Amino acid sequence: MTPTLKISELTKSFAGTKALDSVSLTVEPGSRVALLGHNGAGKSTMMKIILGLIPFDSGTVTVCGEAPGSPAARAQVAYLPENAAFHPALTGQEQIAHYLALRGEAPRKALPLLERVGLHDAARRRIGTYSKGMRQRVGLAQALIGMPRLLVLDEPTSGLDPVSRRDFYALLDDLAAEGAAILLSSHALTEVEARTDRILILSGGRMVATGTLADLRRMAALPVSLHVTARNGHATEIAAALPGAIRTGGDLRLSIPQADKLETLARITALGSKVADIDVVPPSLEDIYAHVSRRDGQ
Amino acid sequence: MIRILATARTEFRIALRNRWVAISVILMALFSLVLSAAGSAPTGDLGVDRLSVTVASLTSLAVYLVPLVALLMSFDAVAGEVERGTLPLLLTYPVARVEILLGKLLAHLAVLTLAVVTGYALAALAAFRTDPASLAGLPALIRLTWTSVLLGATFLGAGYALSSLARRPSGAAGLAMGLWLGAVVLYDLGLLAAVVADNGGWFTTEAFPFALLANPADAFRLYNLAASQATAAAAGVGGAANTIPLWQSAVSVLLWPLLALALATAAFRKVTP
Ligand SMILES: Nc1ncnc2c1ncn2[C@@H]1O[C@H](COP(=O)(O)OP(=O)(O)O)[C@@H](O)[C@H]1O
Ligand SMILES: [Mg+2]
């Protein structure tokens, strides 16, 4: 399968400072890729290059087999900018109808699209009266026009409440299932964990980590944390069997290296009915992110 | 073509909601009516019909007002999109930059045409009421109308170019007002000063006609005054209209909109969002 997006050795500087430094990545059809990084890491810059909005210094970028920003590429790529803005004098319906016409689609599809992002009731109101979350949804609606093969979404869930976020990721799942490739950036590390196929971490313009969440956990070799709940009165015995555990009442917390996980679990199960419950908490994306960023000297 | 029309429709809607349609129509109507009221003295002994006289004064009005309205409508076209943050998304759509400009031009030109036609029609009605012989001035009025639209197109294009160069609405507004002052007011003053200082030498005989043709506002005035033979009613550069062949001012009036649009497209292509 040819990748929808292929970037190799991409470098871009703004007035001497490198915003992107030799970044390479590929995005296959139907895959959801999350681009993570702190402010100024280069996420938006990379997306603008993919869309052909700004030039780059060196490297190669191919979008659906075409040059970024070429008419053929633009016809197949949808974009949601970081702070989606629209003309305040237009209604949501008029704005989407305009974008539909620009993509050669029938303007009457505007209402169904707005319905799909939950904006049906406000469709005939001017965008000037919309909240940030509503403008973000107008942005999502325009990104859904005409079955794009690649969606480039810059912090798409900023301004959305948790329920809308869930709906949004459900939308993405549908699109990916139809074969669209999705590249999205985010600060909300916890939400992308379950909803993306691959994670890329940018730091200071360099790609410091890439892989599935499990790959990244293994690579970072961060400690696993165990939460053990003791049955009434057995906490002391359990604490004695688990040296290094921190005890608060009937709860014990223990941080152990990945390699010791199974052996420790075996010891806990051996305590039998003295243990009421046990939780294994793998390192979160925040931990991994902090780890690779620190290693990178940020 | 669909993309140009879609852009034009959206831009016209925006102009309607921003009250640009109302403002420009009222402005042109008001000035035209004031002009015809001020010039309603009997003209019978001049041997010219009432409407021809009205057209001559409308020409002098249009030279100032049409570029002004055009620049006011256009200075925000690109800079406003940059400031609102709507430009990056728009440029990711499969639409060429020249198509975006053509769409905006079509909408703004429609607004301007509406204003010009309303104003001139009111003035013509006033002329017909006082002088039934005004029919003779109708060709001049029609000529004034389409050249006014072309003059508007020229300054709309110039406004888009300045808007692209400035990238900020405040800067673009300043440049637009500078262009208006320069092209419509100072240019003629400069020429006048040069002619006086030259005292009938090379500049007056050789360079002056080309200097007039090179300015779209002067070419517009020359063409209308020369073609309508109403020079008697006009002052200022009107006298020069006799020495420059009609086709030359016509070519200038026709070419300037294309040149302005080419400049605007070149400037817009340089804008990185
Ligand atoms: N137009 C620009 N001019 C100069 N520097 C820029 C410009 N755009 C981005 N940068 C710089 O490039 C770096 C990456 O920015 P950006 O891609 O916006 O980061 P992110 O989206 O990850 O927060 C930052 O240091 C930023 O200051
Ligand atoms: Mg960003």
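The model is predicted. Its scores are ipTM 0.88 and pTM 0.86.

**Stop 1: ligand 1**

Select ligand 1 and show the residues around it. Phe14(A) and Ala19(A) are there, along with Gly37(A). Then comes the run Asn39(A), Gly40(A), Ala41(A), Gly42(A), Lys43(A), Ser44(A) and Thr45(A). Colour this shell by residue class: three are nonpolar, six polar and one charged. Which element gives the largest share of the shell? Helix α1 (residues 43-50) of chain A does, with three residues.

**Stop 2**

Phe14(A) stands opposite Thr17(A) in β2(A). Now select β1(A) and β2(A) together. They form a hairpin with two residues between them. Click on Ala15(A) in the turn: its phi is positive, about 45°. The two strands pair in the antiparallel sense over seven bridges.

Pick Leu5(A); the bridge partner in β4(A) is Val63(A). When you display side chains here, keep a rule in mind: in a regular strand they alternate between the two faces of the sheet.

**Stop 2: the six-stranded sheet**

Move to the other sheet in chain A. It is open too, with six strands in the order β5-β6-β7-β3-β8-β9 (chain A) and mixed pairing. At its edges are β5 and β9 (206-211) of chain A, each pairing on one side only. Neighbouring strands are turned by 15° against each other on average, direction ignored.

Zoom in on strand β6 (residues 150-153) and strand β7 (residues 181-186) of chain A. They pair in the parallel sense over four bridges. Val152(A) stands opposite Leu183(A) in β7(A).

Which strands does helix α5 (residues 132-143) of chain A touch? The helix packs on the sheet against β5 and β6 of chain A, and its direction makes about 175° with that of β5(A). Now select helix α6 (residues 162-177) of chain A. Helix α6 lies across β3 (32-36), β6 and β7 of chain A, at about 150° to β7(A).

**Stop 3: where A meets B**

Show both chains. In this interface, 22 residues of chain A are in contact with 20 residues of chain B. On the chain A side, the elements giving two or more residues are α2 (71-74), β5 (77-80) and α3 (92-102). α3(A) gives the most, five residues. By class, this side divides into 15 nonpolar, four polar and three charged residues.

**Stop 4: chain B**

Select chain B alone. How many helices and strands does it have? There are 11 helices and zero strands. The C-alpha atoms fill a box of roughly 65 × 45 × 30 Å along the principal axes. With 273 residues, a compact globule would have a radius of gyration near 19 Å; chain B has 20 Å, which agrees.

Finish by colouring chain B by pLDDT. The average is 87, and 91% of the residues score at least 70. Helix α5 (residues 87-91) of chain B has the highest mean, 96, and helix α9 (residues 202-214) of chain B the lowest, 81. Last, select residues 230-238 of chain B. Their pLDDT stays under 50, and the model has 23 contacts for them beyond four places in sequence.

Methods:
Residues numbered from 1 in each chain as written. Chains lettered and ligands numbered in written order. Predicted model: local features only at pLDDT ≥ 70, side-chain atom pairs only at ≥ 80, totals over all residues. Near = placed C-beta within 6 Å. Nonpolar A, V, L, I, M, F, W, Y, C, P; charged D, E, K, R; others polar. pLDDT = per-residue confidence, 0-100. Contact = placed C-beta atoms within 7 Å. Pairing = 2+ DSSP bridges. Rg over C-alpha atoms; globule rule 2.2 N^0.38 Å. Axes fitted to C-alpha atoms, helices over the stretch in contact; angles between N-to-C directions.
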